[in-house]
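Hi there,

Here is the structure I promised to pass on to you. Please have a look at it first, and then read on for my notes.

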Amino acid sequence: MRSRLTAAARRLGGRPRILPLAARAICARTVRESASFFAREVLRPPGVHMYRLRSNGVRVAINHAGVDAATLAEVFYHHYYEPPEELAALGEPGEILDLGANIGLFGAFAVTRWPNAQIVAYEPDPANANSLERVIAANGVADRWALVRAAAGSRDGEVRFASGLNVASHIVEHERNSGSATLTVPLRDVLPQIASAGLLKMDIEGGEWAILRDPRFAEHPPRVVVLEYHPEGCPDGDPRAAAEDALKRAGLQTKTIWHGDDGYGMLWAWRR
């Protein structure tokens with residue numbers, strides 16, 4: 001299991017690595033309360049703190065004892081979720097399906113980037129889901145941003161889940177020892193929702209492979225996908241090739257956002 005520091009380095013640039021103080025300063029500039037944000041990043045106090053994004057005014061919830069700030073930089077400094085030029089003509093999605101919503105930072109981007117879209121967010125980790133629920137309430141957008149407290153998968157049921165790992169919380173269904181506390185969470189078959197999604201965002205720490213390999217994904221793909229793929233659970237030794245192959249079999253064109261030597265990466269995909 002990779003450490004939180006490894007996850008933070010990867011998301012903040014592990015590509016290339018940014019010095020800690022410089023990284024914290026970058027994160028602080030994405031919110032209006034930059035000074036208090038930076039101080040808390042240095043002091044690492046417990047608890048969740050609310051901030052207002054400089055770019056769109058949306059309120060977000062950050063736990064400085066974890067790596068939430070690194071994810072904040074991924075979305076609002078690196079802008080990995082800003083669609084490429086090739087998607088300019090596709091218009092606004094009607095429904096956005098956010099699988100692996102974490103603390104809602106992608107949703108905080110999407111809620112103003114596509115102001116008429118409905119967002120359905122899946123997040124099984126209780127701490128992450130609590131923060132996301134707080135964000136939805138703080139922004140008064142419960143009418144179009146819904147939280148489902150469940151893991152996303154290709155079947156209905158229950159599954160063991162390693163919680164409390166921030167962005168690295170994950171399903172441990174096939175692991176003997178996850179290296180952290182586990183709990184049982186609902187597992188929901190999301191393939192029917194994927195078929196009708198205008199935009200699918202998926203970052204579920206290796207859980208993506210069961211969804212991408214399900215025949216229903218190729219038969220009824222979403223209109224647009226933004227995917228973070230992982231080596232965990234990958235059906236072969238090349239996660240990038242496996243992800244691109246699954247998306248191309250579904251008739252989707254792909255464009256890389258970034259790819260690391262460790263097998264992690266992000267890409268956009270859309271119907272031709």
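Let me start with Glu 41: leaving aside its neighbours within four places in sequence, Glu 41 is in contact with Arg 24, His 64 and Ala 69, where contact means heavy atoms within 4.5 Å. Before going further, please note that this is a predicted model, in which local features need pLDDT of at least 70, side-chain atom pairs count only at pLDDT 80 or more, and totals for chains, interfaces and linings use all residues. Residues are numbered from 1 along each chain as its sequence is written, and side-chain values use heavy atoms, with hydrogens and water left out.

Back to Glu 41, which sits in helix H3 (residues 34-43). Helices (H or I, at least four residues) and strands (E, at least two) are DSSP runs, numbered from the N terminus. With a relative accessible area of 5%, Glu 41 is buried; that word means under 20% relative accessible area, with a 1.4 Å probe and protein chains only. The side chains of Glu 41 and Arg 44 are joined by a polar contact of 3.3 Å (a pair of N or O atoms within 3.5 Å; within protein, one must be able to donate a hydrogen and the other to accept it, and residues adjacent in sequence count only if both atoms are side-chain atoms).

Next, helix H6 (residues 126-138). The buried residues in H6 are Asn 128, Ala 129, Ser 131, Leu 132, Val 135 and Ile 136. Seen down the axis of H6, these buried residues fall within an arc of 160 degrees, so they line one face of the helix; the arc is that of the directions from the helix axis to the C-beta atoms. They pack against strands E1 (48-52), E2 (59-63), E4 (118-122) and E5 (145-148). At the start of H6, a side-chain oxygen of Asp 125 comes to within 3.0 Å of the backbone nitrogen of Ala 127. Just after the helix, Gly 140 has a positive phi of about 60 degrees.

Finally, the sheet. Seven strands form an open sheet with mixed pairing, in the order E5-E4-E3-E10-E11-E13-E12. Its edge strands are E5 and E12 (252-259), each pairing on one side only; two strands pair if DSSP finds at least two bridges between them. E4 and E5 pair in the parallel sense over four bridges, and Leu 147 in E5 is the bridge partner of Ala 121.

Enjoy exploring it!

Best wishes

Key
Buried means under 20% relative accessible area, exposed over 50%, partly exposed in between (1.4 Å probe, protein chains only).
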